[in-house]
Amino acid sequence: MEPSALRRAVGAATTTAAELSLQVDDVVVIQNSDRVALRLVPCDVLARVAPSEHLADSTFEVEVARLLADVVDAPVAELDPRVAPRVFSRDGFALSLWTYYAPLEPEIAPAAYADALSRHHAALRRIDLDAPHFTDRVARALGEVNDQDRSPELPAAEREFLRDTLTALSTGIGTGKDSEQLLHGEPHPGNLLHTGRGPLFVDLGTCCRGPVAFDLAHAPEDVAPHYPGADLGLVDRCRALNWALFSSWRWRRDDQMPDRDHWRAEGLHRVRAALDRCAQD
């Protein structure tokens, strides 16, 4: 968010917390992109604040967390138990309030990562949730790639490359025999916290349906071999698809990712490297 929007988001979070009798003397910005994560001190709440146009996404994320709260040992971050499990609206923002977990060192080992993801998948199989299919995400990316007004700086050759890659990979993965289920959607290392309760997944609003390989492709490459029954060839194809999705988002006219020009080039490089690996397999 731009500095002015960030100040308003902080104000919305602190005012909402105060109205809920949560003490806030300081605010620490944990993450700042199109939406922000704020640590409110000393009440130790993690406030996730998004522009109001993302209200539906915030509501979906809270619903996923609410359902998983009833599943014993689900490895996910919890909503703050002191307030109602809902999304709050204030000053053009949608806010949800979560338990803050202090991060631990060192990094999560591959076997522990795979175990946490396996347990998360088991928990997701126990809830009833209407979630989009991963191919819906591909369709949105194709919408960006195919519309020159929405991706005006994408060169013609790269536009064709991304279009062909997204179409071919999603068709092959989406019609495979691998069973599908509810997924986290983006269980990359930035969405897995190392806490005193063990590894916990955050950013639950990316939940979708698809093969478990789609989730494994977001994890570091040394995780999948530790996941029971993982189809490593399918994971490689999903990893190529994920990099194609990532690259498509970076070429959006309104993309706000820091160092976007670097990641535009790097993303395309990663797509090609992943496709080469698939060809070798």
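Ala, Val, Leu, Ile, Met, Phe, Trp, Tyr, Cys and Pro count as nonpolar, Asp, Glu, Lys and Arg as charged, and the others, Gly among them, as polar. By that division, the lining of the second largest pocket has 11 nonpolar residues, no polar ones and 5 charged ones. The structure described here is a predicted model.

**Empty space**

- Rolling a probe the size of a water molecule over the atoms shows where empty space is left.
- The structure holds 1 cavity of 30 Å³ or more.
- The volume of the largest cavity is about 60 Å³.
- Its lining is made by Leu46, Arg48, Glu61, Ala77, Trp98, Phe201, Val202, Asp203 and Leu204.
- Of these lining residues, 6 are nonpolar and 3 are charged, while no polar residue is present.
- The second largest pocket holds about 230 Å³ of space.
- There are 16 residues in the lining of the second largest pocket, and Ala65, Leu68, Ala69, Glu78 and Leu79 are the ones nearest its centre.

**Helix 3**

- Helix 3 covers residues 110–124, which is 15 residues.
- At 1.5 Å a residue the helix should span 21 Å, and this agrees with the model because its end C-alpha atoms are 21 Å apart.
- The buried residues of helix 3 are Tyr113, Ala114, Ala116, Leu117, His120, His121, Ala123 and Leu124.
- Among the elements that cover these buried residues are two helices, helix 2 (55–68) and helix 6 (212–216).
- The cover also includes strand 6 (180–183), strand 7 (192–195) and strand 8 (198–201).

**Strand hairpins**

- Strand 1 (residues 24–32) pairs with strand 2 (residues 36–42) in the antiparallel sense, over 7 bridges.
- A hairpin of 3 residues joins strand 1 to strand 2.
- Valine 24 has proline 42, in strand 2, as its bridge partner.
- Strand 7 and strand 8 also run antiparallel, and 4 bridges join them.
- In the hairpin formed by strand 7 and strand 8, 2 residues lie between the strands.
- Leucine 192 has phenylalanine 201, in strand 8, as its bridge partner.
- Phenylalanine 201 is also one of the residues that line the largest cavity.

**Backbone angles**

- Most residues other than glycine have a negative phi, and most peptide bonds are trans.
- Valine 41 and proline 42 are joined by a cis peptide bond, with omega about 10 degrees.
- Proline 42 belongs to strand 2.
- A cis peptide bond also runs from glutamate 105 to proline 106, with omega near 0 degrees.
- Proline 106 sits in the loop between strand 5 (93–99) and helix 3.
- Aspartate 73 is not a glycine, yet its phi is positive, at about 65 degrees.
- The loop that contains aspartate 73 runs between helix 2 and strand 4 (88–90).
- Aspartate 73 counts as exposed because its relative accessibility is 63%, and exposed means over 50%.
- Aspartate 91 is not a glycine either, and its phi is positive, at about 55 degrees.
- The loop between strand 4 and strand 5 contains aspartate 91.
- With a relative accessible area of 45%, aspartate 91 is partly exposed.

**Separated in sequence**

- Glycine 11 is part of helix 1 (residues 3–19).
- Its relative accessible area is 28%, so glycine 11 is partly exposed.
- From glycine 11 to arginine 90 there are 79 residues in sequence, and the C-alpha to C-alpha distance is 9.4 Å.
- Serine 21 is in the loop between helix 1 and strand 1.
- Its relative accessible area is 68%, so serine 21 is exposed.
- Serine 21 and cysteine 43 are 22 residues apart along the chain, and their C-alpha atoms are separated by 9.5 Å.

Key. Residues numbered from 1 in each chain as written. Predicted model: local features only at pLDDT ≥ 70, side-chain atom pairs only at ≥ 80, totals over all residues. Heavy atoms only, no water. 1 Å grid on protein atoms, 1.4 Å probe; cavity = no way out; pocket = protein on both sides within 12 Å on 5 of 7 lines; lining within 4 Å. Points joined across faces, edges and corners; volume = space filled by probe spheres on them. Expected span 1.5 Å × (residues − 1). Buried < 20%, exposed > 50% of the residue type's maximum accessible area, 1.4 Å probe, protein only. Contact = heavy atoms within 4.5 Å. Pairing = 2+ DSSP bridges.
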